[in-house]
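Here are my notes for someone opening this entry for the first time. Please read them beside the model.

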Amino acid sequence: MGKITLSQVRKSFGEVDVISGIDLDIEDGEFVVFVGPSGCGKSTLLRLIAGLEDTTSGSMQIDGQEATHLPPAKRGLAMVFQSYALYPHMTVRKNIAFPLKMAGMTADEQAKKVAHAANILNLTDYLDRRPGQLSGGQRQRVAIGRAIVREPAAFLFDEPLSNLDAALRVTMRQEISELHQSLKTTMIYVTHDQVEAMTMADKIVVLNAGRIEQVGSPLELYHSPRNLFVAGFIGSPKMNLISGAEAAKYNCATLGVRPEHIGVGAGDGHWQGVVGLSEHLGSDSFFKVSVDGIGTINVRANGELNVRAGDRIHLSPDLEKLHRFDAEGLALK
Amino acid sequence: MARHISTQRRALNTASAWTVALILFFPILWTVLTSFKPEAQAVASPPIFLGFDWTLQNYVDVNEQRDYFRYFVNSIIIALGSTAFGLVLAVPAAWSMAFVPGRKTKDLLMWMLSTKMMPAVGVLVPIYLLFKTLGLLDTRFGMVLVLTLMNLPIIVWMLYTYFKEIPGEILEAARMDGASLRSEILYVLTPMAVPGIASTVLLNIILAWNEAFWTINLTVTDAAPLTKFIAGFSSPQGLFYAKLSAASTMAIAPILIMGWFSQKQLVRGLTFGAVK
């Protein structure tokens, strides 16, 4: 079981509030991703849940048990660190067995569990090596192995893929997702990469300046961002945000249009502009268009489109998929 | 980019290094040579370098006059005892300063170091009186205690520097894995700090072995180490250079041999963390 409840959790370092009064329910078996720009408090929130930092006020429950002041070891959670934090003087086998040894398990039981974890993570051939002799991806697997042998109530991942190269990151991302599907254990995952958040999460928690901006499934956040911050943060390329006279036509302070919700045509269209930059990836084409009276608009079109820099084109936003925000930046229904 | 050094320049560097090393080593070499000379040749003028009548008589005489072995055992007990005792106190101290520093940690470290800047003779009288009152004069325990306290600032400083090199996330990982503070220090921190701890131990054994001020002033016979053994030959037998040299050679030989075999470890330990 791994249900975690935070009530009004606050953390301040001296005068500075890093986390300001967060309420959050994490259901058993959920894959929750904390996402936000750097310095938003996502790692601190994870460390508060882990017990590596003390909460300044508020309370926390794990499986209904009061856990606010429990030491890390007593919370039944396992953590995978950004730097892997393997024990460099121990072999892979001893690294993975370490939490079992700390729990006072017999050598036989330890060996059985280590073998099982190594099998899941393809580490069987590397059990007698030291972390220094492994590649980044293998080290990451060892760190995960050390976490799974404990059979924790929940896994905590602190930007676990940020030290890996792009190709490996995609593979490991899928491995972690598959691991979640097979173990069905609660996972809390911190990242600044919204693609990781969108692809892995059951539930995304968008954080900004120590506050929760929105909680929801990836597609909920994509389709109905609650405010300008979430609208700008979720989605790649970023949503176009238009203010001024054009927004006023739609009765709002800011008008949001996702690049993929704009049609490109040579003939009649809503807006007209000159293409500044065009990128052709084969599967998609991206354009930066200087639209008359509005400014630069990013456009994403499926497939190949014969449009080059300097061309004058017509743009038609999908009127059904416009996002409207008031002067405070909150979404209008 | 590798810098090019000419062969001539390299030869010159090597020659100067050897010269400096020989100048530094010469007094020790001369002491060892003198210890094998008959007394008359030891004071000969001009001095004889190698062409003297080699003899072991000085060593026999010195041992007959004083029991070398007893001093040797005392030296061992004091050097190892004070180092062990120092480590027991310094590991937790350095741990807390490196991993849970407070606002005053830096000041505390500076203050500890500043105690080494005071001349030892400044506290001789109070410490002598304390030792007298507590019955610690000329006891091995008393000497272990005083040398532990003398070297503690250095042990704490050295360990602190080594511990600072260990990433905090690894200790946090141990905490998440269910390690108690004791297991964390025993299974994770200490093994990772072994090179640093080893050079701290070596340096402290050397410092304690060579320490002469306190050992000479606070011991008479029972707890007297080898420093006292040499000192004992200096005044009454001041003119017997060969015997004095034999005593000195016997006193410094163990630590010289240990230093020779551990020099790699010592250099590595002392420059640990200097280059990332």
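1. Start with how chain B is held together. Of its contacts between residues at least 6 apart in sequence, 78% join residues at least 24 apart. A contact here means two C-beta atoms, placed from the backbone, within 7 Å.

2. A word on the source. This is a predicted model, where local features need pLDDT of at least 70, side-chain atom pairs count only at pLDDT 80 or more, and totals for chains, interfaces and linings use all residues. Residues are numbered from 1 along each chain as its sequence is written, while chains are lettered from A and ligands numbered from 1 in the order in which they are written.

3. Confidence comes next. Chain B has a mean pLDDT (the predictor's confidence in each residue, from 0 to 100) of 86. In chain B, 94% of residues reach 70 or more. For the complex, the predictor gives an ipTM of 0.83 and a pTM of 0.77.

4. Chain B has 14 helices and zero strands. Both are DSSP runs numbered from the N terminus: helices are H or I, at least four residues, and strands are E, at least two. The C-alpha trace of chain B spans about 70 × 65 × 30 Å along its principal axes. Of the 276 residues in chain B, 33% are buried. Buried means 20 or more other C-beta atoms within 10 Å of the residue's own, with C-beta atoms placed from the backbone.

5. Which residues touch the most other members of the largest nonpolar core? They are A:Val33, A:Leu156, A:Ile188, B:Ala94 and B:Leu159, in a core of 142 residues. Such a core is a set of buried Ala, Val, Leu, Ile, Met, Phe, Trp, Tyr and Cys residues joined through C-beta atoms within 7 Å. Helix α7 (residues 140–164) of chain B gives the most to this core, 13 residues. B:Leu159 touches B:Ala90, B:Val91 and B:Ala94, among others.

6. Now the interface. Chain B puts 14 residues into the contact and chain A 17. On the chain B side, α8 (168–176) and α9 (181–192) each supply at least two residues. The largest share, six residues, comes from α8(B).

7. Chain A carries an open sheet of six strands with mixed pairing, in the order β6-β7-β8-β3-β9-β10. Strands pair if DSSP finds at least two bridges between them. The edge strands are β6 (77–80) and β10 (211–216) of chain A. Four bridges join β6(A) to β7 (residues 154–158) of chain A, and the two run parallel. There, A:Leu77 stands opposite A:Ala154.

Key:
A residue is buried if 20 or more other C-beta atoms lie within 10 Å of its own, exposed if 12 or fewer, and partly exposed in between; C-beta atoms are placed from the backbone. Lists of a residue's contacts leave out its neighbours within four places in sequence.
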